[in-house]
Amino acid sequence: MCKISDTANIVLIGFMGAGKSSVGSELAHITGKRLVDLDELIVRRQVRTIAEIFAEEGETAFRDYETAALESLTGADLVVATGGGIVGRPENWTLMRRMGTVVYLRADWLTLRTRITGCTKRPLATADRSEEEIVALFERRLPLYEQADLVFDTDGKTIFETAGEIWREIKDRCRV
Ligand code: S3P
């Protein structure tokens, strides 16, 4: 079934390294929608990096900024690339579903691992965290990501292929 809001905004969710920002950028390009990267919005508003927010105020404060940033998005024709932890708060789901179609970029752990290893920007996946800890976080979140309206497997696909598949599926469902 296609809700009237389905084509208005596309909200991308998925674990760190799933390609939300890069697929989002291509999706914005092919749909003519505007990309909003929620992490970048938080960084711009806070004038601090995400690592600094975590270090200075902790994760709960970051989550509050994240929900506030999501809530502040109004209007249509957006592709929203969220942060991997957006799925943790029920109120974020209410906001995301109200905006449009929630799309999960699914990737297996080995794909994600190669993308997040060595990245220092993500406080929940830095070198001082063991791989077991990160995998445990990934596994805890899997059932949450699966609650998306649409799920796309991205392993072995280019960002262009994934973005194209997503837009074709949404257009088919909504016959636009
Ligand atoms: C987080 C993911 C990050 C960022 C923050 C927390 C998470 O975004 O929001 O570091 O909890 O998974 P990306 O998924 O874009 O890396």
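The legends below describe close-up views of a predicted model. Residues are numbered from 1 along each chain as its sequence is written, and side-chain values use heavy atoms, with hydrogens and water left out. Local features need pLDDT of at least 70 and side-chain atom pairs count only at pLDDT 80 or more, while totals for chains, interfaces and linings use all residues.

**View 1. Residues around the ligand.** The shell around the ligand holds 13 residues, of which K20, D39, R63, R122 and R141 come nearest; a residue is near a molecule if one of its heavy atoms lies within 4 Å of it. By residue class, the shell divides into 5 nonpolar, 3 polar and 5 charged residues. Here Ala, Val, Leu, Ile, Met, Phe, Trp, Tyr, Cys and Pro count as nonpolar, Asp, Glu, Lys and Arg as charged, and the others, Gly among them, as polar.

View 2. A polar side-chain atom of R63 lies 2.6 Å from a ligand oxygen atom. For D39, an N or O atom of the side chain is 2.8 Å from an oxygen atom of the ligand. G84 takes part through its backbone, with an N or O atom 2.8 Å from an oxygen atom of the ligand. Of the 390 Å² of accessible area that the ligand has on its own, the protein covers 95%; accessible areas come from the Shrake-Rupley method with a 1.4 Å probe, and for residues only the protein chains shown count as cover.

View 3. The ligand sits in the largest pocket. A pocket is found on a 1 Å grid over the protein atoms alone, as an open set of points where a 1.4 Å probe fits, with protein on both sides within 12 Å along at least five of seven lines. A molecule sits in a pocket if more than half of its atoms lie within 2 Å of its grid points.

**View 4. T31 in helix α1.** T31 belongs to helix α1, residues 20–31; helices (H or I, at least four residues) and strands (E, at least two) are DSSP runs, numbered from the N terminus. T31 counts as buried because its relative accessibility is 19%, where buried means under 20% relative accessible area, exposed over 50%, and partly exposed in between (1.4 Å probe, protein chains only). A polar atom of the T31 side chain lies 2.7 Å from the backbone oxygen of L27.

View 5. V47, in the loop between α2 (38–46) and α3 (50–57), is a residue other than glycine with a positive phi, near 50°. V47 counts as exposed, at 71% relative accessibility. D77 lies in the loop between α4 (59–71) and β3 (78–81); the phi of this non-glycine residue is also positive, near 60°. At 42% relative accessibility, D77 counts as partly exposed.

**View 6. Residue pairs separated along the chain.** E139 of helix α7 (residues 131–145) is exposed, with a relative accessible area of 51%. E139 and W109 are 30 residues apart in sequence, with 9.4 Å between their C-alpha atoms. D64 is found in helix α4 and counts as partly exposed at 41% relative accessibility. D64 and R89 are 25 residues apart in sequence and 9.9 Å apart in space, C-alpha to C-alpha.

Note on methods. Polar contact = N/O pair within 3.5 Å; in protein donor to acceptor, adjacent residues only side chain to side chain. 1 Å grid on protein atoms, 1.4 Å probe; cavity = no way out; pocket = protein on both sides within 12 Å on 5 of 7 lines; lining within 4 Å.
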